[in-house]
Every structure is written in structure tokens, then in C-alpha cells.
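I opened this notebook to keep a record of what I looked up in the structure, entry by entry. The sequence and the model come first, and my notes follow.

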Amino acid sequence: MNGKFLSTENLPFCKGCGHHIVSQNLEKALSSIAGLSPLDVIVVTDIGCIGIIDKQFTTHTVHGLHGRSVALAAGIAMATEDPKKKVIALLGDGGATIGLQHLMEAAQRNINMTVIVHNNMLYGMTGGQPSGLTPRGFKTPIMPDGKPNIGYDLCKVLHATGAPSVRRLLALGDFTADLAAALAVPGFSFVEAMEICPSYGVKFNPNRKLDDIAKEAGIEIGHWQGPAREPYRPATHDAPASLFATEKPIAARHKAPLKERYAVVLSGSAGEGVQSAAEFLAQAALSCGLHATKKGSYPVTVGVGFSTAEILLSPKPLHFTGISVPDAVIATSADGLGKVRGLIEKMTQGTVYLDASLEAPATKATVVKHDFRAPLGGRSAVLVALTMLLDRAGIMPTDSFLDILKDSSLGKKIDFAKLRQKGG
Amino acid sequence: MSERYFIDNSRLIIEATARAGADVFIGYPITPANLLYLYASQRFPVVLPAPDEITTLQWMAGYAAAGKLPVTATSYPGLALMIESIGMSHMMELPMVIILAQRLGPATGTATGGATGDISLLHGINSGGYPIPTLCISDPRDAWELSAKAVHIADHLRCPVILLASKETVMTVQDVDPAVMTPIEPVRRRFYTGDAPYRPYEPESDGVPPLLPVGDTRHQVRITASTHDRSAALQHSTPEALANSRRLAEKVEKNVGDYTLFDWDDDAADTVVVAYDVTAAAAREAVALLRAGGRKASLFIPKTLFPVPPKYFEILGRYKKVVIAEENLQGQYREILFGKRGRDGVRGVTAVGRLITPEEIAAEVRS
Ligand code: SF4
């Protein structure tokens, strides 16, 4: 029959294949929807015998990968603004097995689409191997004694995931009304059509009827409805602001005596403001007309252990950002020192600012010990140490750093009198 | 000195792709690409968190088929999951941009370690040898310009484009002159407007068929990833279908002149230093060091890695000595350019798990 949506003459399936019956019912179901034109329908097919049906359709058709048709259809459905368009994914039990998560995601989001799984309990195209949906005891060429474990109950899974409409039916006779009802659901609807593949299913399970197989395996036929929900529409920001709307460029308002590239490593404990202190230092450098780079490093669990930042400052543009031996190192905690001990030992010059609680590693660098944690607590220890470093190093005015701090979110929180320590 | 930002390239990349007209970002978290996802969530008109990287690419393909221009950002473990779907999108001819922030492998490797180890993989990413345009950033200007260019190429060539970066080039914060942020022309999507039935894979003179979103109300649209003829009908291996597959490579290669991007600082020397991604910065300093020491050296920074523009061979062919520095085990781009055997005068500087320094590049030039 040359249907309005789908020609069911010369379908590319074996004689007696259940796909014929599902296709004929689908054509009738689509034709029963008043006012629906083929160009209102987007059919997305999977890989497998059912996936070669595209050319029979007069609708839009999309043919992708094995197991991914539901995700691909979900992408199309989310991008399709007109809720009257019908996005339909056609796949087999193999595609549903490999792409189970796509089904759950579409159901959970209630994406406006209909999924029809043609469950013939095996992979037909590749020679009849068992799928996740193959029921216990069902025989296949590679498991001639029958599958030892039960199949996934897709309907239960998707119902539990929040799908508004889930159906399982036996693909026998006329089930147009079931398909039409599924297609009418606003949001996600799911149909599992149980069939049998004559080429492999019948051959290896002779004389077993589809309904007996379902019954013996405890597979329920039915319709499960979930709570009514609005179909999912992705949130849109209509006029998102530029990422530079809040990012303020820094003007050069100080002068720095720095002549050469200068490398500073800050190392402390996670949560003690090491990364933001490094950013403040670099921003201060920009306010002096210098160039700067900053890299952070910390364990993957960002809340514990060390937190280390490498900052490069230079009057000339910086390209290479590696630091083999730094000019100055600040370590304000045992975690921090542990991370930079090797670097400190390699230093033959420069200065190491070490919290008074820490044992200095063997180094040729000058070691300045001070209780950096005492004046403003552990969270500001790096700021105290940096202030001291700038006072001593003569690379750029300390005021440039203090100005940046004052303008920052810390500006009102910090006792600037205590920040600046004499010492070393 | 004028005002400067202190920012990472991730910010420039996302702002530039959005300005260029990319309109959907599908994200799945992975270090070191998380800043890109975060900025995209603030900047893109639509941002969807996907449950995995396969879904990410499939949703992108769905959006692209419906006429949008999607972007994602990932690293090798995510890319590995995406590859089948990238191949699908390439065969379907769907525009999209995949930002790949490389990290230290193999396998899960070191999430916060830098590397440029995915070059061979990208070179052969499609079964059958069909190249995917791959642009590699090496500095803030690239992060801006190449990101916009990637969106334009994806649209013009109707294909996925890879914007290549690495942990170092997307996470390091640096001072950036706002002048690098030149005006970006948004893509003007051109969809099929004819009255004749739409043939989805009927190319125009540039080898690219005009796109028409699925769901169109005038024409039937067919899209497929299986071997197909110009009408998108599946074919085993008819001459028309095989020619259609061949066109996928030809459209990318034939138009490479439109996106052959490189920096070339020719010093009339017999030696050229070649580097991309983060190593390009070390190469710049190496060349400056050499010149300061009286040794002439030229610098070549390829930005369009794939397909390899024929122009590269013309340029590199002028030098007796070619020193290629890159952060992977065997010198992947060097092997792609010159083969495993190489040729006289072609040398590699490689490192794994650390930055290549300007000094070691300079030493290789002098040796
Ligand atoms: S192999 Fe089985 S599933 Fe495939 S068309 Fe033939 S009968 Fe149908």
C-alpha cells in the first residue's frame, strides 16, 4: 500500500517479519491524525533491520548510528520549536540495549517525541544474537540452550524514570489505536512492540507463539501512565551578555622597576586563598604595565591538600610560561611546602618566604621566616607574605598590590594595618 | 601602556564562538575543558548538560540537523566516546564545533597535565581517511580568531570542525590586549531556498550541498550516515554513492585555501623552527634567543593542522633544517608531515609530561 506517510509495499524485511505489521500500523496511526502532513513528521531510524525502512517514508528521515537514534531524535526534538511536529525514533531491541541511557534521558526530561522499540528479542541483521531484552530461555544461534538470565523490562525502567506514557503490546493484528494514542501524547511516549523474527527467532524456538513466550517470561502487556508533565523545552537566554561585560580591563597606573622576567611560586593549603592571591599579584603587575601569567595547580579533590600557583611577571610580552627555577617562593603551610620542596632545593639564588612553623629545606636561596599566619589568620597568610615580598624584592611597588586588594571583594574585610609586616 | 585583561583563553574562545553565531552548547564535564563549559553556560543562548559524551554529540547532530550550530568542549577521554558520532556527523554533513583541550595521556592519564598527544588520532579520526578541519590555537589572538573561524568553516563546509587546544592554552591566565578582540562577523546561515525537490547531497560548485533543516515545511529532508547517493538513498557502493563519499574529503581539501592559517616569520635562514599549541610560545622564545645569539632561524606556527595545507610543504621545503617541537611521545605532527622515516635535516624535539623549553629547541637548532 502506498500510504500517505509510509509505503508498506515492498518493505525491505523478510517474509513474516513483525516489522511489516508495525510499519502497517504506524502508517494507519499517522494517517488517523487529523491535519498531520508528512512534512510534520521526522522519523529517526537506528541501525538494524528496522533501520533500512527510511526510503519507504514520505516524511523527513534521519538515519544514524546503532543505538543512538533516540539521542539523535531527542536533539532534533529539543531543537524543534513547533510542538505539533512529530519526532519518532524507530529502533530494535539491540538499539535499545546499547542506547538504554538515551531512552532514560529522553523519558526523564519528557522530550516531545515517540519511541517505538521493535522488540523481536534478538539482533536480526547480524545473525540472531541475544540482546538485553531477550527473555530467559529464548534460544538464539549463539545461545542455543536459551538465555540464562531475564531481559530488561524497558517499560518498567522508563515508567520509573517518569515517562508519561509507556506501552507494551504484541505486534499482532491492528494496534493502530495504541500507536495513535502514543503519538498524541504531549511529551515523551514509548511503545515496545513485541514481535518475532522468522529468520532466527522462529528457527531456534520452533512452535513457540509470541504470546506464550511473553507469558512464560512474565512479560506484561499493558499501558503505564506517569504523572502528566509539561513537555521539556530547553531554557533559553535570549540576549546573553558578553563574557566581557563584567570583566574589567586593568589600566597601567603605577610604574615598576622590574627589568627581567620574574617567577614567583605561591604554595599553601587548599581553601587559603592561594589562587586569588596569585590573581591579585598578577593584576597588580598589569596595573604597573607589566605582563603576567598565572597557572594554578591543586589535587583533583580541590578542597584538601596543597594549592600552588605559578606567576610570571615581565616588562616584555611573555610567551613561554614554564618556570624551571623561581626567583621567589612563598610557602605558608606544610601542605604547600611539600609541593614546592624540590623547587626550593634547586634554587641557587632568590628568596624563600616560609611560615615560621615550617622547617626550611636545604637551599642556596635566602630564607625569610615569619609567622605569616598570625596577623590575619591562615586564609590571608599568602597575602601577608606577598606584601612582604613586594616590600623587599623591589620588582614593583607594594602599593600597586594594595590598590588591587582594596578594589577587590576583600577590600572591606582586610585589616590593611596588619597586612604589612616588618620582618625578615 | 593601554588597558589589558587578565583572563584565560577559554573566555576568548567561548565569547568568539558565540559572536560568530554558534547558538547551542552541549556540555559534559571533563578537565581541562571545564572553564569552557562554565563560560558557555553564561554566554550561549541554549546550554544543555548531557549525560555523557555520546549523547553530547548526538544531541549536537540533532540540533545541527534542525538548523542550529552547536559547540561542545572535551578532552581525550570524552573525544574517544564521541568519535563514532563525529564520523556520523561528518557523513551526514552537519556543522558543529568540537573544542578539544588536550591533556596528558595515555588513558585517563593526568587530567591537569598538559600535552599535545592527540594529533595522530585527529589525523585519522575518520575511518577511510576523510579529514576533519582542525585548527589549533597557540595564543590569545588565535583563541579569538580561530574560534570564530571554526564556526564559519563548520557552516561553509557543512561539517564538524575541531578547535584544538590543550590544558596550557585553555587554563593559563595571562594579560590580553583587548585589541586582539577584532570584530567578528556572525555566520549568515544559508539554507536551500529552491522550489525543486531538495536533494540533500547535491553539491554546489564548492563541493558543499546547501543545508535544509529537518522539519522544513516545503521539502522533504533526508539525512543519513550510511553510504548514500545525492538524494540520500542508501547504496552499497554505486559510483554515485562512492563519489559522494569522496566529495566529503574533497570539499574539505579543495577549500583549504580559505582556512590555511599560520604564522611565518622568515629570517632568510636555512633553518626553521615549527611548533603549534603551547610549544609555539617556547618556539617563539627559542627563535628570539637564537637571533640574539647571532644564529639565524625562521619560525613557522601552523594553525590549520588538518587537512595539512599544501602550502606548508612549499614553505618547509625551502629550509635545509626543520626542527619540529611538540609535546607527545614520537613527534606526531612531524611524522604526519614527513613520514616515519623523515628526511635529511628534519629533527624533532619532544617531551611528555612537561613543557618543552626554548633552550632545548635552540640547542637542537644549533646541534
Ligand atoms: S532478519 Fe529477522 S528482524 Fe531482520 S528482517 Fe528478517 S525477519 Fe525481520
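Where in chain A is the place of N110(A)? I found N110(A) in the loop between α4 (100–109) and β4 of chain A, where helices (H or I, at least four residues) and strands (E, at least two) are DSSP runs numbered from the N terminus. I noted its phi as near 60 degrees, a positive value in a residue other than glycine. Most residues other than glycine have a negative phi, and most peptide bonds are trans.

Conventions: this is a predicted model, in which local features need pLDDT of at least 70 and side-chain atom pairs count only at pLDDT 80 or more, while totals for chains, interfaces and linings use all residues. Residues are numbered from 1 along each chain as its sequence is written, chains are lettered from A and ligands numbered from 1 in the order in which they are written, and side-chain values use heavy atoms, with hydrogens and water left out.

Cis peptides: I looked these up in chain B, where one joins G105(B) and P106(B) with omega about -5 degrees, P106(B) being in the loop between β5 (96–102) and α5 (119–123) of chain B. Another joins F306(B) and P307(B), with omega about -10 degrees, and P307(B) sits in the loop between β13 (304–306) and α10 (310–316) of chain B.

Interface: I find 68 residues of chain B in contact (heavy atoms within 4.5 Å) with 62 residues of chain A. The two chains bury about 5400 Å² between them, 61% of it on carbon and sulfur atoms; buried area is the accessible area (1.4 Å probe) that two parts lose on being put together, summed over both. In chain B, R4(B), F6(B) and W59(B) lose the most area to chain A, together 13% of what that side buries.

Across this interface the rule finds two salt bridges, each a side-chain nitrogen of Lys or Arg within 4 Å of a carboxyl oxygen of Asp or Glu. The side chains of K295(A) and E168(B) meet in a salt bridge at 2.6 Å, N to O. The largest share of the side of chain B that touches chain A, eight residues, comes from helix α3 (residues 53–65) of chain B.

Strand pairing: β9 (residues 291–297) of chain A and β8 (residues 173–176) of chain B pair in the antiparallel sense over two bridges, and two strands pair if DSSP finds at least two bridges between them. I noted Q174(B) in β8(B) as the bridge partner of T293(A).

Ligand: the residues around it, with a heavy atom within 4 Å, include F13(A), C14(A), C17(A), H19(A) and N120(A).

The side chains of R168(A) and D153(A) meet in one, at 2.6 Å, N to O. This pair links distant parts of the chain, 15 residues apart, with R168(A) in strand β5 (residues 165–170) of chain A and D153(A) in the loop between β4 (113–119) and α5 (154–161) of chain A.
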